[in-house]
There are 2 protein chains.
Amino acid sequence: MAITVVGSVAFDSVETPAGRRERCLGGAATYFSLAASYFTDVRVIAVVGEDFGKRQEAVFQARNIDTRGIERAAGKSFFWEGSYLESLNEAKTHITDLNVFAAFEPKIPDFYRDSEFLFLANIDPVLQRRVRDAMPDVKLVAGDTMNYWIKDHRPALLEVLKGLDILLINDTETKMIAGNNNLVQAARAVMALGPKELVVKHGEYGATLFHAADPKAHSTTCFRAPAMPLEEVIDPTGAGDSFAGGFFGYLASQPEQSPEAYRRAMFYGSVMGSFACERFGTERLQQLTRAEIDERFNLFRELTHLA
Amino acid sequence: MAITVVGSVAFDSVETPAGRRERCLGGAATYFSLAASYFTDVRVIAVVGEDFGKRQEAVFQARNIDTRGIERAAGKSFFWEGSYLESLNEAKTHITDLNVFAAFEPKIPDFYRDSEFLFLANIDPVLQRRVRDAMPDVKLVAGDTMNYWIKDHRPALLEVLKGLDILLINDTETKMIAGNNNLVQAARAVMALGPKELVVKHGEYGATLFHAADPKAHSTTCFRAPAMPLEEVIDPTGAGDSFAGGFFGYLASQPEQSPEAYRRAMFYGSVMGSFACERFGTERLQQLTRAEIDERFNLFRELTHLA
């Protein structure tokens with residue numbers, strides 16, 4: 001079943017201990033859709049500037065991602081510059097130029113409207129909410145956010161949370177939304193705001209899925225997927241969005257979103273996040289095969305399962 | 001098969017967000033031996049002062065732990081005071097009074113000499129090495145250390161590492177020993193110094209076992225056990241030592257230390273670490289049953305395993 005994703009398509013300049021790259025194709029919607037494209041049909045809603053050319057377009061085409069919802073505007077595309085020189089776990093942002101994104105008014109093409117899955121990547125919660133409201137018939141809605149919106153745009157963010165089935169965020173964001181430093185208590189508080197499932201991403205330590213079903217019984221409400229200890233992290237940019245793409249893409253590919261499908265989705269999320277880190281920008285995500293993905297899935301199972 | 005453990009038996013005063021306790025029974029050898037006692041026979045080598053009385057002795061007796069190797073010296077027992085008010089992941093040490101430990105000369109009782117397993121808890125590496133050399137016939141030797149010895153007693157520590165089968169330390173310690181910020185590379189460098197197995201403890205995110213067998217093939221050299229997301233962490237003191245006790249205790253209880261036994265040992269380590277956090281000091285570890293332990297083991301399996 002098809003996923004529509006709304007979010008940023010951008011250029012990133014990034015420096016890591018492994019080197020530096022200027023103006024790679026980036027953005028949350030880009031990483032998400034590339035990762036999800038190995039599992040299901042993906043349709044993107046975004047805005048780009050005149051610097052988005054055939055080379056960038058080709059990256060989406062090669063993965064059969066529908067880009068008819070990517071609007072071309074006068075000016076430059078969203079640009080981000082950051083580095084991971086002190087820690088690979090957290091980017092230091094040097095520049096964020098919204099450019100054409102500053103006046104973004106998401107438009108949903110008619111031919112996207114039969115999408116059964118909707119992913120609201122990390123953008124202004126006002127826009128997330130608008131897209132969610134414009135697609136009332138979707139079967140499952142997931143979304144992401146970040147510290148900036150949590151701190152300074154809380155009322156708008158709370159409106160988004162009400163309309164989410166699944167929220168994917170990291171430890172710090174979970175604790176920040178809840179104002180509680182205990183992860184389990186914070187997770188419960190966040191789920192009380194709307195999301196029925198909460199995926200907390202722990203970076204190099206994997207991710208935990210919290211179910212809202214019976215928040216008191218740990219055995220039925222948590223599932224933890226590992227991340228693979230990586231010999232070399234080239235560039236962690238987009239790992240979280242790639243996790244989301246693998247997770248939601250796999251879920252959308254399944255006839256039924258059973259608890260077991262969610263567990264496997266957590267593993268596929270972790271798998272796609274680990275691939276994203278292996279090269280700069282989207283390089284690794286552009287060149288995968290489903291066989292490689294399933295091979296790593298099995299490796300993750302081997303890494304964590306008792307006989 | 002019996003384990004001999006050498007390490008500190010101490011009094012701890014601790015403050016956490018859940019409250020404060022004065023002069024609880026503590027020390028690495030105490031936590032280790034209580035946790036291991038649910039799996040196998042444990043014998044302790046330590047020194048205590050005149051403040052170590054019948055009440056403390058009774059804690060060991062109740063778990064059938066052999067305390068004949070605990071020497072009584074004139075003066076006070078090792079005392080540690082710390083708090084976890086800013087973060088439950090890292091203790092802030094206020095006071096470390098070595099007291100009788102300052103002049104500790106470990107003596108191995110003859111009736112400990114048939115122990116097939118030896119655990120060198122976190123003490124001066126010179127003493128760890130001396131005990132290790134005095135028990136040349138043990139089948140498996142594991143040990144722990146900490147930042148203080150890594151920074152200021154490196155030559156003595158390197159001597160200890162040469163004689164270890166298994167080293168159990170945390171992420172920071174692994175990277176510090178190796179002088180390398182990538183965990184996989186650091187783990188390999190640490191194993192090159194002696195230990196054939198390295199257990200890296202990640203606190204609330206579980207632990208990773210690295211095998212030295214074929215360091216290049218991730219699939220065969222890593223195993224990751226989860227920690228359970230805890231609703232309430234009362235006191236994390238001793239969680240790492242309890243992990244070590246569960247891990248090594250389970251290994252020692254098995255007829256064969258197969259790769260599968262190591263995997264299960266990682267889970268049992270994580271289980272005992274999680275119990276340790278649920279009450280102040282050793283309270284929870286004193287009152288467990290093997291049925292409760294196995295129930296949590298199954299919960300950990302449920303938490304991480306695909307169908």
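Asp133(B), with a relative accessibility of 44%, counts as partly exposed. This and every other value in the legends below was computed from a predicted model.

**View 1. Glu105(B) and Arg130(B) form a salt bridge, at 2.7 Å from N to O.** This pair links distant parts of the chain, since Glu105(B) sits in the loop between S7 and S8 of chain B whereas Arg130(B) sits in helix H3 (residues 125-134) of chain B, 25 residues apart. Glu105(B) is partly exposed, with a relative accessibility of 44%, and Arg130(B) is also partly exposed, with a value of 38%.

**View 2. Lys107(B) pairs with Glu71(B) in a salt bridge whose closest N and O atoms are 3.1 Å apart.** Glu71(B) has a relative accessibility of 29% and is accordingly counted as partly exposed.

**View 3. A network of salt bridges in chain A links Glu15(A), Arg20(A), Glu22(A) and Glu81(A).** Side chains of opposite charge can pair when their charged atoms come close. Over all chains, the structure holds 38 salt bridges.

**View 4. The interface of chain B and chain A brings 37 residues of chain B into contact with 37 residues of chain A.** The two chains bury about 3500 Å² between them, and 52% of this area lies on carbon and sulfur atoms. On the side of chain B, the residues that lose the most area to chain A are Arg224(B), Glu231(B) and Leu306(B), which together account for 24% of what that side buries.

**View 5. Salt bridges and polar contacts cross the interface of chain B and chain A.** Four salt bridges are counted between chain B and chain A, and Glu231(A) forms a salt bridge with Arg188(B), with the closest N and O atoms 3.0 Å apart. Across the interface, 24 residue pairs are found in polar contact, both residues of each pair being at pLDDT 80 or more. The elements that give two or more residues to the side of chain B that touches chain A include helix H7 (183-191), strand S13 (222-225) and helix H12 (290-304) of chain B. H12(B) gives the most to that side, with six residues. The residues of the side of chain B that touches chain A divide into 15 nonpolar, nine polar and 13 charged.

**View 6. Helix H9 (residues 239-253) of chain A has 15 residues and is mostly covered.** From its first C-alpha to its last, H9(A) reaches 21 Å, close to the 21 Å expected at 1.5 Å a residue. Of the 15 residues in H9(A), 13 are buried.

Definitions and conventions: Residues numbered from 1 in each chain as written. Chains lettered and ligands numbered in written order. Predicted model: local features only at pLDDT ≥ 70, side-chain atom pairs only at ≥ 80, totals over all residues. Heavy atoms only, no water. Salt bridge = Lys/Arg side-chain N within 4 Å of Asp/Glu carboxyl O. Buried < 20%, exposed > 50% of the residue type's maximum accessible area, 1.4 Å probe, protein only. Helix = DSSP H or I, 4+ residues; strand = E, 2+ residues; numbered from the N terminus. Contact = heavy atoms within 4.5 Å. Buried area = accessible area lost by both parts, 1.4 Å probe. Polar contact = N/O pair within 3.5 Å; in protein donor to acceptor, adjacent residues only side chain to side chain. Nonpolar A, V, L, I, M, F, W, Y, C, P; charged D, E, K, R; others polar. Expected span 1.5 Å × (residues − 1).
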